[in-house]
Amino acid sequence: MPLQNRVNPLGEININPSRGTLMGNRGILHDENKNLKSVSKIKGWVTCKLEFKDRKRELMAPNRYTELFFLDEATAFSAGHRPCAECRRDRYNEFKLKWLEANRELLDGQKESIGNIDKILHTERINKKEKVSYVAYMNELPSGTIFEDEKILYLVWNSELYEWNYEGYSVSNKSILSKEVRVLTPKSYVRMFKKGFVPFVHDSVKE
């Protein structure tokens, strides 16, 4: 039976049998019966490679972090995760550089450490276990951003919209309009995308 470990753009952790392209970590969220008891235990929400140095893990092993899975990097960013500094070091370095370029003022003079960045990100992703979102105009969102409109989740990509689901994306017949929508991707990530950082997307998206 599938475990409750698939994350959607809202940051929700659900049961779904489809396989993701990235793994993630928010700390130990499960109990000894592999049932989820929490949505977050740490502020450093990361995304990892599915395979790294031949390491083998039992999913939801006792007293080990809960392995979470994502369709792609755009989904992970929307949920509030960032690249891991160990298994995705090059991507992490690129991320930190671009995040600081777009958002340095948010640190308000504090040290430019990933710990301080994670503290800011945590306020942008979740508040009392609820997803943090905000309203913006659809036509002002950069590629890689995910938003919700009329209870459907959309990815903005190369001036087109794609409907999100756990298995992949489908081309939407909706046009990008000057319309207010609920943006799920955290604000600092959207600013980072505007600076040229492009998240990886699932291969169901037409390039």
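**Notebook: a first look around the chain**

I started with the surface: the protein chain exposes about 10700 Å², and carbon and sulfur atoms supply 47% of that. A reminder to myself that this is a predicted model.

**Overall build.** I looked up the secondary structure next and found four helices and 14 strands in the protein chain. Along its principal axes, the C-alpha trace spans about 50 × 45 × 35 Å. Then I checked the radius of gyration. The chain has 17 Å, which agrees with the value near 17 Å for a compact globule of 207 residues. Buried residues make up 53% of the 207. I also looked at contacts between residues at least 6 apart in sequence: 65% of them join residues at least 24 apart.

**Charges.** I noted 35 positive and 29 negative side chains in the protein chain, with the centres of the two sets 5 Å apart.

**Helix α4.** Which residues of α4 are buried? In this helix, residues 187-194, I got Ser-188, Tyr-189, Val-190, Met-192 and Phe-193. I then asked what the buried residues of α4 pack against. My list has the helices α1 (73-79), α2 (89-103) and α3 (114-125), plus the strands β6 (82-83), β9 (134-137) and β14 (180-183). After α4 comes Gly-196, and I wrote down its positive phi, near 110 degrees.

In soluble globular proteins, nonpolar side chains tend to be buried together. I followed up on Tyr-189: leaving out residues up to four places away in sequence, Tyr-189 touches Phe-77, Gly-80, His-81, Arg-82, Phe-95, Trp-99 and Leu-121.

**Val-46.** My last stop was Val-46, which sits in strand β4 (residues 46-48). Is Val-46 buried or exposed? Its relative accessible area is 10%, so I put it down as buried, the cut-off being under 20%. Asn-25 is 21 residues from Val-46 in sequence, yet their C-alpha atoms are 5.5 Å apart in space. Besides Asn-25, Val-46 touches Met-23, Gly-24, His-81, Arg-82, Pro-83 and Cys-84, again not counting residues up to four places away in sequence. His-81 and Arg-82 were already in my notes, as residues that Tyr-189 touches.

How values were computed
Residues are numbered from 1 along each chain as its sequence is written. This is a predicted model: local features need pLDDT of at least 70, side-chain atom pairs count only at pLDDT 80 or more; totals for chains, interfaces and linings use all residues. Side-chain values use heavy atoms; hydrogens and water are left out. Buried means under 20% relative accessible area, exposed over 50%, partly exposed in between (1.4 Å probe, protein chains only). Helices (H or I, at least four residues) and strands (E, at least two) are DSSP runs, numbered from the N terminus. Contact means heavy atoms within 4.5 Å. The radius of gyration is taken over C-alpha atoms; the globule rule is 2.2 Å times the number of residues to the power 0.38. Accessible areas come from the Shrake-Rupley method with a 1.4 Å probe; for residues, only the protein chains shown count as cover. Lys and Arg count as positive and Asp and Glu as negative; His and the chain ends are not counted. The place of a charge is taken as NZ of Lys, CZ of Arg, CG of Asp or CD of Glu.
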